Amino acid sequence: MTTDTTTKSPEAASVPPPGAASAPKRAARGRRRLLTRRDRFTLALMAGVPTVLHVALVWVTALASIALAFTTWDGIGFDSIRWVGLQNFEQLFNDNPQFWPAVQHNIIWFVVLILIPTPLGLFLAVQLDKRIRFSRVYQTAFFLPVVISMACIGFVWQLVYNPDTGLINSLIGANTPGHYIDWIGDPDLNLWAVLVAASWRHTGYMMILYLAGLKGVDPSLREASALDGANEWQTFKNVIFPTLRPTNTVVLVVTIIEALRAFDLVFVFNKGAQGTELLSILVTNNIIGESSRIGYGSAIAVVLLVISLVVIVPYLVATFRKERRS
Amino acid sequence: MSAPTLAAGARKRRAPVRPARVLLHVFLAGTALAWLAPLLWAVFSALRPYGETSDKGYVSWPDTLNLDNFTNAFEQSDMTHYFVNTLLIAVPAVLLTLFLSSMVAFYVSRFDFRLNLALLLVFTAGNLLPQQVIITPLYRLYLLTDLPGITESGKLYDSALGLVLIHVAFQSGFCAFVLSNYMRSLPDELTEAALVDGASVWRLYWQITLPLCKPAMAALATLLSIWIYNDFFWALVLISTGENMPITSALNNLSGQYFTDPNLVAAGALLTAIPTLVVYFALQRQFVSGLTLGANKS
């Protein structure tokens, strides 16, 4: 049973075995008739309690964010809420010097993650999938950063980047006053420095997803390709990679969401000061900073929400359409 | 099911040493070592006394290597206290998440009610949202919710209960999705027979379905404990008293308050990583299978 779950790709997990499609539905309908009143009550509670909790804390608050985005509120007493229409958004788009850089940095974050650690993770997965010895050891080394908290990763990389005690500056001799390279403080450098750390972690994550995808590739495909005289690269390009499509979809969605969620690492590094602004940081600053501009903070959250939905909705529609068919 | 046997066969017939293989091993070993370099650097720094590194520079041959920084970091910052805080949040949160999401999953996967798919959609989509989308109203909600006598702060804000609730609400979306897929793959005949025999719905869930879900539950439990342990954001915003913070976010405060030298910070950071590393090494298989079972989650 355990090995079964490890080899299952996410797609495989969401698709029930072929042939069993219509039988359970009929059975389920028949089963409903067997339910007593008490059973129905139990069921209502079983589904109801978790749903209320989830909806209240996640969806009601998301909707509240949207509503508050069109108001000003200092957070003290409900009667100070004032409807201001699009004013928050106007201010955000036109007058906030941090907003557009933040949008840009979120985009850069995504582009870097999809262009560097993702192919690298795929490459490592393909190498480790060759059933070589010590595969587990290598796998663990690449995967270790994923297990550690982002905050801790932030601290570890600060040790590497520190201007006068850090590893990099010590190695290149830039650790004497006057010669400092300030990896974390320099607004032209710090985003890239943070992205190195983020990519470091992302690679291992992508590697694991691709390894799971590769395990699901039918071995006979490889054999057929080898018999046809294809070399390793041709086999990968024409046979293996096309079969990884479901994994690629998941990887794309995961990467976009990671780019939108990016927060911990930057916060530990320099609190999102000059050069590393992100939408998530701007929202948070409105809460933990001194200013309590709830409407304004919500407007930033709504921008983040809209961008996320552009990704989440098509993905869910595709996933659930498949489910409904079965 | 020919894949595993084929693989086992291939492994037994040891292939002759090919230059390409050797090259691959050299490449992988080199990359793996480079990959671990930041962590090894942190360990190396943490093992050295501050005085020595400030005299000789950080890239230098060590004269003394000891665990003083670890013990100092641990004692100076009262880490035990923060580890206990984390435990008080993570244990209930993981158990409650699994309990609640398995009930939803059971409902969605075993019964053909019309709104099932919509319900599952609500849970799954909720989990994909960035946390910052909901934090502003949530923060206000937590401040407004008075719980005199129930939490120390008298509110949902600044309490372990508040963190447990948001972890459960947020993570149950992911778990409900994974578990409902898993339950759907279980044979229908089992529950069918029990229901015809007059078993109650609760029995069907508790005594028949849940035991069959053990592998998926184990995988999710591993994953959840690491995620919740590693949480930084919720605690940062929803806890105001440093004393009440779980270890991961506490470290952020501690590094400014108590730690004066980078070696001590390194030791502190590494100490917070130890529990997740232990869980990972002990339950590697569960962790990885959980991650790939629900690859829709970041």
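This note sets out numbered points on a predicted model, for a reader new to the structure.

1. Basis of the note. The model is predicted, so local features are reported only at pLDDT of at least 70 and side-chain atom pairs only at pLDDT 80 or more, whereas totals for chains, interfaces and linings use all residues. Residues are numbered from 1 along each chain as its sequence is written, chains are lettered from A and ligands numbered from 1 in the order in which they are written, and side-chain values use heavy atoms, with hydrogens and water left out.

2. Confidence. The predictor assigns the complex an ipTM of 0.88 and a pTM of 0.88. Within chain B, helix α1 (residues 2-12) has the lowest confidence, with a mean of 46, while α5(B) has the highest, at 95. Over residues 1-12 of chain B, pLDDT stays under 50, and the model has 3 contacts beyond four places in sequence for them; a contact means heavy atoms within 4.5 Å.

3. Of the 326 residues in chain A, 53% are buried. Buried means under 20% relative accessible area, exposed over 50%, and partly exposed in between, with a 1.4 Å probe and protein chains only. Among contacts in chain A with a separation of 6 or more, 67% join residues 24 or more positions apart.

4. Surface of chain A. The accessible surface of chain A is about 15,100 Å², and 63% of this belongs to carbon and sulfur atoms. Areas come from the Shrake-Rupley method with a 1.4 Å probe, and for residues only the protein chains shown count as cover. A:I107, A:V111, A:L115 and A:I116 make a nonpolar surface patch of about 380 Å². A:I107 belongs to helix α6 (residues 99-115) of chain A. Patches are made of residues with over 30% relative accessible area and no salt bridge, like charges being joined within 9 Å and nonpolar side chains (Val, Leu, Ile, Met, Phe, Trp, Tyr) within 5 Å. A salt bridge is a side-chain nitrogen of Lys or Arg within 4 Å of a carboxyl oxygen of Asp or Glu.

5. A buried arginine. A:R261 lies in helix α14 (residues 245-261) of chain A. A:R261 is buried, its relative accessible area being 12%.

6. Cysteines. The structure holds 0 disulfides over all chains, a disulfide being a pair of cysteine sulfur atoms within 2.5 Å. The closest cysteine sulfur to that of B:C175 is in B:C213, 12 Å away, which is too far for a bond. B:C175 is buried, at 0% relative accessibility, and B:C213 is likewise buried, at 0%.

7. Positive phi angles. Most residues other than glycine have a negative phi. B:D78, however, has a positive phi near 55 degrees. B:D78 sits in the loop between α4 (68-76) and α5 (79-110) of chain B and is partly exposed, at 38% relative accessibility. B:D158 also has a positive phi, near 65 degrees. B:D158 is in the loop between α7 (132-144) and α8 (160-184) of chain B and is buried, with a relative accessible area of 9%.

Methods. Helix = DSSP H or I, 4+ residues; strand = E, 2+ residues; numbered from the N terminus. pLDDT = per-residue confidence, 0-100.
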